[in-house]
Structure formats: structure tokens, C-alpha cells
Amino acid sequence: MADSKPPATVEPASETNGNQDFVVVNESPADNLASFLASEITDYRGWRLRDERGRNTWHYLETEEQRKEWPQTISDKYFLGLDTDLPALEPAKKPTQSINNGLSFFSKLQLPPGNWACEYGGPLFLLPGLVITWYVTGTPIPASHSTEIKNYLFARQNPEDGGWGLHIEAESSVFGTAMNYVTLRLLGADEDDPRMIMARATLHRFGGAVNGPHWAKFWLSVLGVCEWDAVNPVPPELWLLPDWTPIAPWRWWIHMRQVFLPMSFVYSKKFSAPLDPLTRQLREEIYTQSYSSINFASHRNSISEHDNFHPKTWILNTINWGLVNIWNPLIRVKSLVKKAEDWAYELIKMEDENTDYANLGPVNGPMNLLCCYIHDGPDSYSVRRHRERMHDFLWVKNEGMLMNGTNGVQTWDTSFLIQAVVDAGLAKDPKWKPMLEKALEFLEDQQIRENCPKQDVCYRQRRKGAWAFSTRDQGYTVSDCTSEALKAVLMLQKANGYPQLISEQRMKDAIDTLLTMQNASGGFSSYEPTRGSEYLEYLNAAEVFGRIMVEYDYPECTTAVVTAFSIFTNYYPDYRRNEIEKSKERAVKYIRRAQRKDGSWYGSWGICFTYATMFALESLASVGENFMNSEKVRNACGFLLLNQMDDGGWGESYKSCETGSYIPSIRSQVVQTAWACIALMEAGFPEREPLERAIRMIMSRQQSNGEWLQENIEGVFNKSCMISYPNYKFIFPIKAMGMFIERFGDIEIL
Ligand code: LAN
């Protein structure tokens with residue numbers, strides 16, 4: 001397979017991950033490694049990204065003829081870490097030149113439908129679910145894929161102990177290590193490979209796979225290398241609870257209930273793949289004692305300290321005890337089981353049909369595939385369609401193949417890029433017009449036009465007029481994705497004379513959907529208004545995540561809606577004006593309340609206080625609150641200025657998300673510096689000096705071809721898991737510099 005030299009970073013990950021705080025350098029015995037790597041990589045000149053209306057899939061072309069017929073593009077090369085040959089540009093002295101250089105580079109990455117794409121990695125618990133599902137459903141895994149998945153996992157192995165954590169910057173855990181070890185073995189990694197020996201040693205030091213969290217035990221039981229007795233109950237009967245019950249699953253955060261759903265089906269079926277020589281052997285590799293001597297039932301609650309981010313409550317432990325010892329053996333009669341499984345399967349089918357099998361995300365996607373395999377059989381349409389869709393989650397980069405946290409970031413990044421260019425005052429510049437027109441076409445194509453059929457039966461939120469985070473196929477409205485896309489459309493169509501691709505009625509549809517999404521608190525959540533009590537967190541069984549059971553208010557989402565409302569009413573002052581005004585007022589009240597004593601806001605989707613403070617200050621600015629007239633805004637500016645680093649930049653560690661207090665990173669970060677600048681300028685902070693220093697730092701990190709290099713990971717979810725937003729390093733510096741120019745002029749900075 002390998003007929004060319006290895007891509008630069010299959011070796012070690014240190015440079016491309018660019019992470020200064022947690023440098024990942026593979027220091028395994030070099031000789032063994034070199035021979036292994038040389039024989040086990042694909043030729044990176046063979047990979048192509050296809051983008052069909054935002055659906056991104058990677059393809060490996062084996063022959064030179066195929067490669068000639070479908071040539072590699074600049075963006076393919078960029079994503080793969082190959083030389084793009086983009087020219088060195090005239091060095092920027094002023095922010096306008098820096099913006100121009102940045103856009104010259106970034107515009108080359110725009111894909112034919114008009115969107116941008118990117119790796120969306122970070123979590124290290126996604127590939128295992130997919131590979132185990134492929135394995136147990138007999139899905140053929142292309143050699144190119146298995147080779148590159150192995151490369152990625154080895155590249156992301158922690159160098160000190162050979163394990164893996166919850167995400168790429170985390171310390172090793174049983175979840176990461178057991179699952180990725182098994183994945184590598186299923187893909188053909190040798191148990192005697194020195195890297196596997198090291199991983200196994202760490203897993204054993206952590207007490208073996210019996211100390212894994214719930215989700216690990218679930219997947220290992222599916223594979224047949226753990227017993228279902230070790231898995232805490234996931235009763236599908238919960239789906240039969242009347243809707244009024246406070247714990248009914250329709251009230252849970254969408255990601256929890258859509259994972260719980262197929263999981264409960266598989267748990268109820270106690271599905272385990274038939275043993276084969278490999279899984280038989282794995283049974284002996286991942287534990288510290290022989291498989292037959294393990295009392296799995298006694299390990300239901302065993303969990304390593306490295307995984308126990310959110311320990312189970314005594315209430316949940318008591319409920320689980322009751323389910324295992326009373327409910328399952330004595331009360332759970334066959335007819336009830338059938339009723340629960342049938343209804344769960346109905347809901348799974350609805351999720352599949354509502355998303356054309358793309359599914360909500362990369363956890364329920366493979367699980368739904370498995371359910372269809374169990375229910376409909378190996379060659380059914382549902383299984384075949386699911387198999388195709390799995391490729392929507394995969395991404396190839398210079399370290400190998402990974403699984404994205406969603407089926408992409410297309411709509412989100414495209415909306416933000418449009419806004420950044422508009423904020424930089426370049427929307428009417430003929431140089432960037434074709435790029436923006438394409439981007440607008442993409443957003444037009446991606447707006448969701450219809451609600452889900454039987455929306456109430458499957459507990460779905462209204463979605464007509466909305467935008468999803470990734471694609472229209474995925475089809476889940478998110479409050480801020482809808483808002484940011486709507487803002488981008490309004491900015492182009494209304495403020496800058498672009499073609500009216502999206503009609504007035506369709507914008508009103510978006511507003512109608514947003515108006516269904518506000519919480520009683522005034523804040524906005526992500527996919528739906530909060531449907532259940534925070535006390536449901538007592539039933540959080542996943543151990544590795546926090547704040548996952550229900551929707552919460554988020555300053556980020558709330559701000560997006562507030563600002564979308566403001567822009568919309570500028571152009572359509574009469575449409576539902578009272579409701580919009582009232583909603584905005586309540587939303588801003590929530591923003592004010594959510595400010596912390598130190599002047600900051602806690603961010604749930606970006607790292608961390610820097611991210612949310614930027615949004616919150618935008619909300620306040622939209623109602624006229626600024627540095628001059630508001631104590632709150634002054635406090636927030638004080639918080640930001642306190643954390644400015646010596647080089648003029650800002651840098652916040654992901655540890656802030658976990659601990660809930662500001663923790664600086666070792667080195668300043670381009671993206672966070674841009675966020676802090678935007679925040680200060682939204683606040684109307686009057687002094688130029690700190691901003692100028694920050695902009696200087698951003699400009700000084702720009703490369704001669706206009707790009708910025710990857711630094712630390714930017715995003716987060718559920719407090720504990722980090723996720724990459726690689727396009728932020730283009731989008732936010734452009735926006736920040738644009739705002740700077742507007743306020744302080746295009747002065748010489750470098
Ligand atoms: C995302 C990605 C986008 C993100 C924003 C739009 C940035 C945010 O403002 C609202 C929430 C949202 C839509 C979001 C929610 C949770 C997601 C889908 C993710 C962080 C990407 C991956 C994550 C998902 C839960 C990963 C799968 C893990 C489970 C625990 C099920």
C-alpha cells in the first residue's frame with residue numbers, strides 16, 4: 001500500500017497538534033517503530049475529500065489513473081498535511097494586509113458547495129464504538145481505513161504511559177485505554193507491538209477493563225469481551241413512562257436520550273457477538289486475571305479514579321441495585337420487555353428516517369446501525385444505509401484517520417466566516433464577493449424547510465426554518481446555529497446587496513423556531529428548551545461527563561439568539577415585534593444574572609471563560625450596555641485585562657472547563673486572543689494599547705502564506721471532553737482585526 005515517503009507527521013504528533021501545554025511526542029523505541037511505520041501507511045497522494053451538498057466523505061484512490069482523473073485539491077493537501085505550494089505573500093504590516101493574507105489562504109479551502117470543512121476531532125471514545133460496530137456487524141473495513149485509523153490512534157497514544165484519555169489532551173484513563181487498545185487489536189495491531197505492550201501495561205496498572213465506565217463496559221459486552229452482568233442497567237422500559245413523569249427520557253438532553261435509546265435496545269437484547277479467536281484472546285489481554293475467574297457482576301460499579309469525573313450518586317446506585325436484583329429477575333415479564341423493545345425500536349426508526357440515517361451524532365450513529373442489524377438483519381436497507389453514513393464521520397489528516405464529533409462543522413463555520421468578512425468591511429470587495437456568494441448559496445441549501453413528521457411522537461423540537469450545526473440532513477435545530485446562520489444571511493442579503501436567495505418567509509420561519517426555544521429563565525439552551533429538572537443529574541450514569549442530563553442556559557446560545565433578533569428587527573420591524581422585544585429583554589436579564597463575581601461568564605462549548613465572556617459582552621452591547629455606562633461591562637473588561645499575557649495575547653487552559661476557575665495555558669493562543677479582543681471591543685473598551693498589543697501578537701503568528709498554525713484545542717462539551725475547531729484560527733483573528741480597524745484605524749502594527 002505504501003509507495004511513497006511517510007507523511008510528515010505520522011511520526012510524532014508534536015508539531016501538528018501544536019499543543020504547547022501537553023506535547024504529544026512519540027518516544028517509543030525508535031528502531032521498532034520506524035520499521036513498523038514504514039510498512040503501514042497509505043500514500044497520502046491518494047486521498048480525496050468529496051463534498052456533496054456539505055456531506056463530507058474521504059476516498060482513497062489506489063491507482064495513478066484514478067488519481068489523475070480526480071486530482072488532489074489544495075484543500076485536500078492542506079488537510080492531509082501535504083505541501084499546498086501556496087505562495088508567500090507580502091508580509092503584513094497593517095491589519096488590513098493581515099486580513100487579506102488570511103483570507104487569501106482560507107478562501108482556497110472553500111469547497112465547491114460553498115462551505116468550509118475541517119477535522120472535528122478531540123474525543124477519543126468515538127472510533128472504538130464505530131470499529132466495534134463494524135466488527136460485530138461484519139462490515140468490511142477498507143484496508144486504507146484500518147491502516148490510517150491505527151496510525152491515528154498510535155499518534156495520539158500518550159507517550160509517557162502508552163494509554164489514551166477521554167480526549168487528545170487528557171491524561172490516560174481506562175475508558176480511553178481499554179477501548180482504543182481493543183480497537184487497534186480489531187484492526188490488526190499486534191499484541192507484541194511495543195506500543196501495545198505499553199498500553200496493556202497501563203491498562204493493567206489501572207486494574208484492567210473491569211474498572212472502565214459504563215459506556216466502556218457496554219461496548220466491550222457487545223464485542224463479547226465483557227459480560228453484561230458488569231453493565232449497569234439501561235432499561236428500555238423507561239420509554240414507556242408517561243410523559244408527565246419527571247424522569248421520562250424525553251426530558252433529557254437530546255444527546256443523552258438519543259444514546260440511551262439504542263443502548264437500551266441493545267442492553268435489553270443482551271446482544272454479544274459470537275466469539276472468535278481474536279475476541280477470545282482479547283478476553284485474556286484486557287484484564288488482570290483470567291476471564292473465567294472474574295466475577296463480572298461484582299464489577300458493575302468498579303471504576304478507576306482516572307475515569308470517575310462524575311461519580312454516581314447513592315440514589316442512582318440504589319436504583320441500579322433495585323433494577324438488577326428485583327426488577328429484572330422478578331418483575332420484568334416478557335410482554336413488558338417486548339413492548340419496551342418495540343417502542344424503543346420505533347423511536348430508533350424515526351431518528352433514522354428524520355436524519356436519512358445520518359443520525360444526531362457519532363455515538364448514536366453506530367449504535368443505531370447495530371440496532372438495525374439486530375432487528376432488520378445484516379443485509380437490510382437500514383443496515384446498508386447506515387454503513388454508508390458511517391463515512392460521514394470519518395476524517396483523514398496527517399496523523400491518520402479519526403472520527404469527527406459530528407458529521408462536520410459546515411454550517412457553523414460557514415456562518416461565522418461570512419460574519420467575519422462582513423465585520424472586516426469586506427463584503428462588498430469584489431475580491432471576496434464570489435466566495436461569499438458561494439457561502440450564501442450553501443446556507444440557502446442547508447436551511448431546514450420542514451418539521452419532522454410526527455414531531456410530537458418522537459419528541460422533536462420544531463425545526464422549520466432552522467439550521468443545524470453541520471448539515472441539513474442531520475436536521476437538528478440548534479438555537480445558536482440557526483441564529484448565526486440567520487445573521488450571516490441577513491448581513492449579506494440585507495446589508496450588502498447580495499441576491500435574495502432566502503425569502504422573507506423563510507427568515508420568518510427561522511425566527512418562529514427560535515421563539516419556541518427560550519427557557520423560563522430567559523436563557524437559551526442548545527437544541528431544545530430545558531425539559532427536565534437539574535435534579536436529573538442525580539441519574540447521570542456515564543461517570544465520565546458532567547452536566548449531561550438536561551439542557552441548561554448558555555450565554556453563548558443566548559447571545560446568538562439575542563443578536564439575531566436585533567439584526568432581524570432592523571430589517572423586519574413589524575414581525576412579531578412585541579414577542580421578540582420581550583424575549584430579548586428576558587434573555588439579556590439572564591445574561592446579566594449569569595455573570596460571575598470576577599466579571600466573567602462560564603463557557604460550555606469553547607474554552608472557556610474567554611469564550612463565553614466574548615458572547616455575553618456582545619449581548620450587552622446589543623442593548624447599549626458598554627464600558628462607559630455599565631459596571632458589569634467594566635468588571636468583565638477588568639477580568640479580561642487581568643489575564644492578558646506579557647506578549648499581548650491571551651491563553652486559557654482547558655482545565656478551566658473542568659475546574660470552573662480560570663486557568664491560564666503556558667503559551668498565549670491566537671484564537672483566545674482574538675476572542676478577548678472581540679470581547680473588549682464589543683464592550684467599547686476605550687484604550688487602544690492592550691488591543692494593539694494583542695493584534696500584534698496575532699499578526700506575528702501569521703505565516704508567510706497567510707495561514708495560522710494549529711495551537712491548543714479550542715472547544716469543549718460536557719465539561720470534561722475537548723474538541724477541535726481548527727477553522728477558528730482563521731475566522732476569529734479576521735473578525736478581531738476587522739473590528740480593530742473600524743475602531744482605531746488601519747495603523748501600522750508590525
Ligand atoms: C456540539 C458542537 C456544536 C455545539 C455549539 C453549536 C458550538 C454550541 O453552541 C451548542 C451545542 C453544540 C451543538 C454541540 C453539542 C454537543 C456535541 C454535539 C458538540 C460539542 C459536538 C460533539 C458533542 C456530542 C455530544 C458528542 C458525542 C458525545 C456524547 C456524550 C453523546
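## Overall form and largest cavity

In this predicted model, 66% of the 750 residues of the protein chain count as buried, that is, under 20% relative accessible area with a 1.4 Å probe and protein chains only. Residues are numbered from 1 along each chain as its sequence is written. Local features need pLDDT of at least 70, side-chain atom pairs count only at pLDDT 80 or more, and totals for chains, interfaces and linings use all residues; side-chain values use heavy atoms, without hydrogens and water.

The protein chain has 28 helices and eight strands, taken as DSSP runs (helices H or I, at least four residues; strands E, at least two) numbered from the N terminus. The C-alpha trace spans about 75 × 65 × 50 Å along its principal axes.

A cavity is a set of points, on a 1 Å grid over the protein atoms alone, where a 1.4 Å probe fits but cannot get out; lining residues have an atom within 4 Å of a point. Volume is the space filled by probe spheres set on the points, which are joined across faces, edges and corners. The count comes to 12 cavities of 30 Å³ or more, and the largest holds about 610 Å³. Of the 39 residues that line the largest cavity, H255, T406, Y527, W605 and F717 are the closest to its centre.

| Element | Residues |
|---|---|
| α11 | 254-269 |
| α19 | 479-495 |
| β7 | 715-717 |

Of these, α11 gives the most to the lining, with four residues.

Note on methods:
1 Å grid on protein atoms, 1.4 Å probe; cavity = no way out; pocket = protein on both sides within 12 Å on 5 of 7 lines; lining within 4 Å. Buried < 20%, exposed > 50% of the residue type's maximum accessible area, 1.4 Å probe, protein only.
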